[in-house]
Amino acid sequence: MFFYEDVSAGGVRIRVFDVGVLLVAGFTLHILIRKGVRRDWGAFLTVYGLYTIYTVCNAAVMTGAKTAIKEAIQFSLFAVFFLAVAKFVASPKATWRFASWFLGSLWLLAFWNAAYHLSLGSISGWKNLGDMKVTHGVVLIVMAAIALALPARLKRTQRLLWWGLFLVAVLFLFLAGERKAWLAATPSLLLIVLLSDAGGLRWQAVNRILIVAVGSALAVLAIFSLAPFVPYIDKQLTSIGDLIGALAGTQTSATSTLSNQGRLFSLNFAISQFMEHPVFGIGLDNYLRVVQRLPIEEHLQKAPHNELLRIGSEMGIVGLLTYGLMQVTIAVRLGMLSYAIQRLTPDERLRLRIAGGIFAFGFIVNIFLAGGGLNVFFYVLPAGLAYSMRMPRRAPARTRKVSARKSAQQAPGLTARA
């Protein structure tokens with residue numbers, strides 16, 4: 001999904017992700033036809049279906065048949081992806097196999113992105129390979145989730161190696177210069193460590209939060225200390241400050257970077273389009289067509305840098321409501337599982353942490369990113385992981401107290417046997 005290179009066939013873009021989903025589609029549908037679909041998947045499939053139907057109909061009526069067919073195919077592929085994750089990542093072995101392959105793929109892309117830019121002499125600002133720059137943030141999320149599930153009896157050398165790789169991932173994230181990934185990574189990591197295995201906010205979780213908070217504070221201190229001596233850091237901090245100042249109305253956007261000018265223009269223009277066409281919007285994919293006909297500078301003729309702005313301007317209130325209903329459905333499912341985490345198995349807790357971390361990360365990134373398959377991936381993958389788990393039944397009160405006491409005493413993670 002993060003790979004920068006697409007294949008074009010007959011005017012149709014085909015991603016590596018699409019090929020992978022197509023390869024498992026037949027087998028997935030065959031198994032589901034034989035064994036059926038779980039009832040509790042119905043909540044997500046219903047709201048996802050509503051959003052898909054409205055998106056395709058909006059495109060068919062207001063944009064064109066070609067766009068409608070494209071959207072129907074893309075949403076169908078993501079539906080198959082959801083079903084495959086929910087069905088096949090549902091056992092301890094499958095969970096660890098998925099986590100290993102996912103993390104390995106992310107590291108491969110992260111090293112690819114770093115090596116490519118370093119070979120060009122770019123020590124920082126690794127943004128020339130499209131969405132591969134976002135992998136540096138997702139790597140941190142997955143590594144943190146796995147770290148809390150690693151066997152407690154790992155050797156010290158193995159743990160040092162793991163946390164050494166984690167620090168390399170932090171360094172890569174910083175050097176990549178992807179500001180939205182910076183903003184999304186910290187709260188997502190806090191969410192992961194907040195999930196105590198004993199349920200609720202326990203002292204163990206507080207300790208983890210303090211570690212992340214102190215580490216983040218030291219990183220911020222280091223960044224501001226190095227800024228006067230490193231032009232790249234100074235440029236990034238100045239750009240962020242200019243954007244905040246322009247949003248707050250304390251300074252003009254004309255003196256800011258071209259990227260910030262584009263973001264501010266798209267914010268104002270998307271809102272104006274939404275106000276003029278509030279119910280159904282101007283039509284899917286029409287924002288870019290409209291803005292490119294305006295007599296404005298080329299760097300302003302870009303798609304909106306915000307998924308909510310894109311949906312609001314192109315699909316109106318109906319689009320925002322169906323999209324919001326889908327996001328709320330996933331968030332409620334994750335919240336219910338978090339509340340019942342004490343009764344989940346170790347592999348289910350790992351799935352929950354990965355799902356919760358990526359969902360939070362993706363939600364924040366989507367505030368600065370719009371109109372691509374990655375936006376959909378950031379909520380379909382967490383949904384698949386969340387619905388791969390059955391909601392555990394509520395245990396009797398006495399059993400819950402004993403289980404809570406045992407969980408609080410034990411270190412998080414799998415046993416040596418697992």
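Residues are counted as buried when their relative accessible area is under 20%. By that criterion F82 is buried in this predicted model, and so is Y387.

The protein chain holds 15 helices and two strands. Of its 418 residues, 47% are buried. Contacts were also sorted by sequence separation. Among those with a separation of 6 or more, 74% join residues 24 or more positions apart.

Aromatic pairs were examined next. A pair of aromatic rings is described by the distance of the centres and the angle of the planes. The count comes to 22 aromatic pairs. One of them joins Y51 and F75, with the ring centres 5.7 Å apart and the planes at 80 degrees. The arrangement of Y51 and F75 is edge-to-face, because an angle over 60 degrees falls in that class. Y51 belongs to helix 2 (residues 42–62) and F75 to helix 3 (residues 65–88). The two positions are 24 residues apart in sequence, so the pair ties together separate parts of the chain. Y51 and F75 are both buried.

Helix 3 also supplies F82, which pairs with Y387 of helix 14 (residues 373–387). Here the centres are 6.0 Å apart and the planes make an angle of 70 degrees. The F82–Y387 pair is likewise classed as edge-to-face. It links distant parts of the chain, 305 residues apart. F82 and Y387 both fall in the buried class. The four residues of these two pairs, Y51, F75, F82 and Y387, belong to one aromatic cluster. That cluster also includes W41, F44, Y48, Y323 and Y379.

Charged side chains were treated separately. Side chains of opposite charge can pair when their charged atoms come close. The structure holds nine salt bridges. K70 takes part in a salt bridge with E71, where the closest N and O atoms are 3.6 Å apart. K70 also forms a salt bridge with D285, with a closest N to O distance of 3.0 Å. K70 lies in helix 3, whereas D285 lies in the loop between helix 10 (258–276) and helix 11 (286–291). The K70–D285 pair therefore ties together parts that are 215 residues apart in sequence.

K70 reaches 42%, so it counts as partly exposed. D285 is partly exposed too, with a relative accessible area of 25%.

The backbone at D285 was also examined. Most residues other than glycine have a negative phi, and most peptide bonds are trans. D285 is not a glycine, yet its phi is positive, at about 70 degrees. This residue sits in the loop between helix 10 and helix 11.

A further salt bridge joins R351 and D347, with an N to O distance of 2.5 Å. Both residues lie in helix 13 (residues 346–365). They are four residues apart, so about one helical turn separates them. R351 and D347 are both buried.

The axes of helix 10 and helix 12 (residues 307–339) come within 8 Å. They cross at roughly 30 degrees. Angles under 35 degrees count as roughly parallel, so helix 10 is roughly parallel to helix 12. The crossing of helix 10 past helix 12 is right-handed. On the helix 10 side, the contact is made by S266, L267, A270, I271, Q273 and F274. Helix 12 contributes L309, G312, S313, G316, I317 and L320.

The loop between helix 11 and helix 12 contains I296. I296 has 26% relative accessibility, so it counts as partly exposed. Leaving aside residues up to four places away in sequence, I296 touches F265, V291 and Q301.

Methods. Residues are numbered from 1 along each chain as its sequence is written. Side-chain values use heavy atoms; hydrogens and water are left out. Rings of Phe, Tyr and Trp (its six-membered ring) pair if their centres lie within 6.5 Å; planes under 30 degrees apart count as stacked, over 60 as edge-to-face and the rest as tilted. Buried means under 20% relative accessible area, exposed over 50%, partly exposed in between (1.4 Å probe, protein chains only). A salt bridge is a side-chain nitrogen of Lys or Arg within 4 Å of a carboxyl oxygen of Asp or Glu. Axes are lines fitted to C-alpha atoms, for helices over the stretch in contact, and angles run from 0 to 180 degrees between N-to-C directions. Angles under 35 degrees count as roughly parallel, over 145 as roughly antiparallel, 65 to 115 as roughly perpendicular and the rest as oblique. A crossing is left-handed if the near helix is turned anticlockwise from the far one by less than a right angle, and right-handed if clockwise. Contact means heavy atoms within 4.5 Å.
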